[in-house]
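Have a look at the model first.

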Amino acid sequence: MSERTLNQKTKVNYGPSGRAVSQEIDNDLLFNIFQHLTMERNANVQYFSMSLWFQERDLNGFSSFFLNESKEELEHAYKFTDYLIARGQNVVLHELVQPVQQWESIEELIAFAFNMESDLTISLQQLYAISERTSDIRTNIFLDPIVESQIKSENEFAHILGKVKFSEENPSAILIVDEYLNRK
Ligand SMILES: [Fe+2]
């Protein structure tokens, strides 16, 4: 092996965190991943706020459902930070927004949650498109199961919204939905 070839084989690229990386992340993609990470962290806090809203009204099925959703959003955030670190990046944590804590009705709250999930799906789709454009196949593969579970979440919120809409804020019907969510 010539000295030149040896040099090429031992030369390693290091990312901003000082970790070895084989493919750098495109700046536009990185910026959008950080934005998405913030959305997941905002969702974590927002769902916690919704869980408290229901707990205050003794609707413990809804409350535990939203507490669980809150924990899942933190896990999603963790998946992204874990991935960024594996790709040699330093994680940048942005400021979070103050969560909404007041709603006129359960239907309004669930509609808010559905729209939040829908925004998360759009953001993931953008990440997917940028990864494809920048030939970052690693990121596409990383995103595949996340997009799949995101679509399931959207569907789940559409289902709960349907149940709540059907009950038209009728207390006994709402209690049945609360029981249903308690069993989940
Ligand atoms: Fe999420």
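Helices here are DSSP runs of H or I with at least four residues, strands are E runs of at least two, and both are numbered from the N terminus. The model is predicted, so heads up: local features need pLDDT of at least 70, side-chain atom pairs count only at pLDDT 80 or more, and totals for chains, interfaces and linings use all residues. Residue numbers start from 1 along each chain as its sequence is written.

- Asp-58 sits in the loop between α2 and α3, and has a positive phi of about 60 degrees despite not being a glycine.
- Asp-58 is also exposed, with 10 other C-beta atoms within 10 Å (the cut-offs are 20 or more for buried, 12 or fewer for exposed, partly exposed in between, with C-beta atoms placed from the backbone).
- Ser-135, in the loop between α4 and α5, is another non-glycine with a positive phi, about 55 degrees.
- Ser-135 counts as exposed too, with 11 C-beta neighbours inside 10 Å.
- For context, most residues other than glycine have a negative phi.

**α2 against α4**
- The axes of α2 (residues 27-56) and α4 (residues 106-133) come within 10 Å and cross at roughly 165 degrees (axes are lines fitted to C-alpha atoms over the stretch in contact, and angles run from 0 to 180 degrees between N-to-C directions).
- That makes the pair roughly antiparallel (over 145 degrees; under 35 is roughly parallel, 65 to 115 roughly perpendicular, the rest oblique).
- Residues that meet here include Met-39, Met-50 and Trp-53 from α2, and Leu-109, Ala-113 and Leu-127 from α4 (contact means C-beta atoms, placed from the backbone, within 7 Å).
- The contact residues split into 13 nonpolar, six polar and two charged (Ala, Val, Leu, Ile, Met, Phe, Trp, Tyr, Cys and Pro are nonpolar; Asp, Glu, Lys and Arg charged; the others, Gly among them, polar).

**α3 against α6**
- α3 and α6 pack at about 40 degrees with axes 7 Å apart, so they're oblique to each other.
- Phe-62 and Phe-65 are among the α3 residues in this contact, with Tyr-180 and Leu-181 among those from α6.
- The tally for this contact is four nonpolar, four polar and two charged.

**The nonpolar core**
- The largest core has 29 residues, and Met-50, Phe-54, Phe-62, Phe-66, Leu-109, Ile-110 and Ala-113 have the most contacts inside it (a core is a set of buried Ala, Val, Leu, Ile, Met, Phe, Trp, Tyr and Cys residues joined through C-beta atoms within 7 Å).
- α2, α3 (60-86), α4, α5 (137-167) and α6 (171-182) each give two or more residues to this core.
- Ile-110 touches Phe-157, Ile-160, Leu-161 and Val-164, leaving out residues up to four places away in sequence.

Conventions: Contact = placed C-beta atoms within 7 Å.
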